[in-house]
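I am opening a notebook on this structure. My entries cover strand pairing, then helix packing.

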Amino acid sequence: MIKLSAMACAVLVGGSLMGCAAESSAPAPTPTPASGGSASSVQGTLTVNTSDRIVTGTYQLGQDLLTFESAKSAGGAYATKIVARGITLTTLVDDQAKTASFQGLATDGGGETALADADHALLVQFERALVPQLADAVKAGNGAADRMLRAATVWGDWPTTMKLQHELSAEQSRGWTSLCGSMYTAVAASWDDQYGGWWASNTTVYPYIGDYNGDGPTYWSNGTSWLTSNIIHASPVYEYGSCFGRCGGGCTGWTSGGVHVYTQDCTNHDACVRNNGHTTTDYYCNDQFASTTDDATFAGNCY
């Protein structure tokens, strides 16, 4: 029998404490973690220039050219900018005040816009290419490199159905629960949608945190073998997949270094988009994504 990781049965959701599923024993057979991390193959051509305070560069994938920069201001805040496919994505982060601002506008004219599927795909591939190039700088404490990778992580996971403006203010009641100590164990994860509220039996699953072989999730419920077909509304459901619980839109693999933030909010978001027919474009998962932005921006790195 596999013991679920111990978790406090109170989780901060949208500023409110929600009860969580009770700790229990998981009858599912233990899955085998990916050996060394199952990072997807890097595509495109990346150029990076790195110093103590500034990171700049370009990323070319097919006909799409992306430019990026991250710089530390005299006041200590970090500003990052990603420009691609007619959209400018900016992030301003103050580590001392724990505030952040995310904004996406049309590059020409500065009007409001939204991400398309092609934009999302480009951003995910950009993060995968960027991680091995900035991993050493992040481990060495380079703030500009860390902020660049974290910004790429957030934008690469940004839903195409969500506005490109989001603020994290110092007055907000928020927090994150790191799952660095729960790697390769099963934890309870939940979301709310048209089928049920938080921690209902049909909106609660038990994913194994970390990287396992295969891009899509694999499920086990009241049976004797793992299945790749989505088990809709079964209870209980145990599952594993590529970088389950990691904040961000892709899986970069442990051997690449970089940013590996695993939290409860990011696990809940992964559970939402990987279950019940939802995707990253689904409105039902947007509130879960919003709860991950402070995690991805400020939570500690799991090396």
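I count two strands as paired if DSSP finds at least two bridges between them. Helices (H or I, at least four residues) and strands (E, at least two) are DSSP runs, numbered from the N terminus.

I note that this is a predicted model, where local features need pLDDT of at least 70, side-chain atom pairs count only at pLDDT 80 or more, and totals for chains, interfaces and linings use all residues. Residues are numbered from 1 along each chain as its sequence is written, and side-chain values use heavy atoms, with hydrogens and water left out.

**Strands**

I looked up β9 (residues 87-94) and β10 (residues 99-106). They pair in the antiparallel sense over eight bridges. Ile-87 has Ala-106 in β10 as its bridge partner. Four residues lie between the strands of this hairpin, and Lys-98 takes a positive phi near 55° there.

I then followed β10 to β11 (residues 165-168). This pair is antiparallel too, over four bridges. Ser-101 stands opposite Glu-167 in β11.

**Helices**

I checked α1 (residues 117-139) against α2 (residues 143-157). They pack at an angle of about 160°, with axes 9 Å apart. Axes are lines fitted to C-alpha atoms over the stretch in contact, and angles run from 0 to 180 degrees between N-to-C directions. The two helices are therefore roughly antiparallel (angles over 145 degrees).

Which residues of α1 meet α2? I found Leu-123, Phe-126 and Leu-130 among them, and the α2 side includes Met-148, Leu-149 and Trp-155. Contact means heavy atoms within 4.5 Å.

How values were computed: Parallel < 35°, antiparallel > 145°, perpendicular 65-115°, else oblique.
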